[in-house]
Amino acid sequence: MLPARVTIYEVGPRDGLQNESANLSVEARLRLIAALADAGLRRIELGSFVRPEWIPQLADTDAVARRVVRRPDLRYAALVPNRAGLDRALATGMREIALFMSATETHNLKNTNKTIAQSLAHFAEILPVAKQHGLFVRAYLSTIWGCPYEGKVDPARALEIARRLRAMGCDELCLGDTIGVGNPKQTREILELFLREMPAGLLALHLHDTHGTALANCLAAMELGIATFDTSIGGMGGCPYAPGAAGNLATEDLASMLADMGIDTGIDLVKLIEAGALAQELVGHKLAGRRLQAALGRRQPGEARIAEAT
Ligand code: MG
């Protein structure tokens with residue numbers, strides 16, 4: 001049975017922007033976040049507390065976190081790479097953080113400069129402090145469906161890491177098809193393995209759409225009771241491993257499909273398209289989201305007619 005309600009976790013202001021070449025101002029980032037919140041998104045990842053020299057696009061996440069409009073029904077999260085990042089998150093009033101590591105050694109080393117054992121040891125230091133401050137902690141576990149360096153991944157190995165993360169007290173495990181190579185059969189197999197010992201409510205999926213299979217993978221996951229999915233407005237961000245290829249699943253593609261299926265997301269699709277149009281304007285190029293392009297394409301002839309008539 002499909003879930004009656006699905007939560008869409010918007011990663012555009014973080015995962016999207018970190019893979020875009022444009023450096024947006026704090027103002028522009030706040031405008032985008034406000035548009036996403038206005039469209040009904042209730043979980044938004046607003047940035048990352050990594051060192052600005054690593055990801056210049058996300059420098060000043062402190063200012064974004066300080067100035068973002070907070071509401072009781074709106075949950076913001078930010079990526080925290082280390083203890084210094086956690087201190088920045090706490091100093092700027094964040095109530096949710098996201099830690100990240102990969103299920104494969106090579107990707108973890110390239111992405112975090114740590115072995116898997118080192119990442120786990122590191123989390124074990126950060127988590128008690130985060131919990132002491134009452135933070136909600138999400139942990140990303142990337143490359144479960146496939147690794148750009150190691151190819152096929154053993155889901156049992158990923159499960160072993162997930163087990164450790166859960167035991168440390170992570171509130172949510174976000175499983176990632178980081179390069180978007182998964183298929184629905186594989187998604188079912190991976191999740192069946194995880195769901196043997198973990199509740200569906202603990203899990204979220206971060207699916208990329210490189211091969212156009214992200215929506216099919218979402219459906220396979222929903223059939224197993226998963227009800228939280230990460231998406232990026234307009235599919236913003238592209239794919240860091242394949243220039244020109246689609247990256248994150250586009251928010252409006254998933255939100256529209258769910259609306260068509262009668263599954264509640266709380267999202268206003270008209271406003272979501274506005275947010276997508278804004279994202280496209282801010283990054284300065286056409287975004288990959290199919291529903292966004294379909295909606296903007298439909299709108300333009302109408303606008304032209306109005307222009308001609310006046
Ligand atoms: Mg991503």
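The legends below describe close-up views of a predicted model.

View 1. Four residues coordinate the magnesium ion: D15 through OD, H206 and H208 each through NE2, and N248 through OD1. Along the chain, the donors follow the spacing D-x190-H-x1-H-x39-N. H208 and N248 link distant parts of the chain, being 40 residues apart. H208 lies in the loop between β7 (203-207) and α9 (214-222), and N248 lies in the loop between β8 (228-231) and α10 (251-260). H208 and N248 are both buried.

**View 2. The largest pocket.** This pocket has a volume of about 720 Å³ and a lining of 35 residues. Nearest its centre lie R14, Q18, F100, H107 and N111. Two or more lining residues come from each of α1 (12-18), β4 (96-102), α5 (105-112), α6 (116-132), β5 (136-142) and β6 (172-177). The largest share, four residues, is given by α5. By residue class, the lining of the largest pocket holds 16 nonpolar, 15 polar and four charged residues.

**View 3. R75 over the ring of F136.** The charged end of R75 is placed over the F136 ring, at 4.7 Å from the ring centre.

**View 4. K110 over the face of Y149.** K110 lies over the face of the Y149 ring, with a distance of 5.0 Å to the ring centre.

Key: Residues are numbered from 1 along each chain as its sequence is written. This is a predicted model: local features need pLDDT of at least 70, side-chain atom pairs count only at pLDDT 80 or more; totals for chains, interfaces and linings use all residues. Side-chain values use heavy atoms; hydrogens and water are left out. A charge sits over a ring if NZ of Lys or CZ of Arg is within 6 Å of the ring centre and within 35 degrees of the ring normal. On a 1 Å grid over the protein atoms alone, a cavity is a set of points where a 1.4 Å probe fits but cannot get out, and a pocket is an open set with protein on both sides within 12 Å along at least five of seven lines; lining residues have an atom within 4 Å of a point. Grid points are joined across faces, edges and corners, and a volume is the space filled by probe spheres set on the points. Ala, Val, Leu, Ile, Met, Phe, Trp, Tyr, Cys and Pro count as nonpolar, Asp, Glu, Lys and Arg as charged, and the others, Gly among them, as polar. Donors are N, O and S atoms within 2.8 Å of the metal (3.2 Å for Na, K and Ca); water is not among the atoms, so sites may look incomplete. Buried means under 20% relative accessible area, exposed over 50%, partly exposed in between (1.4 Å probe, protein chains only).
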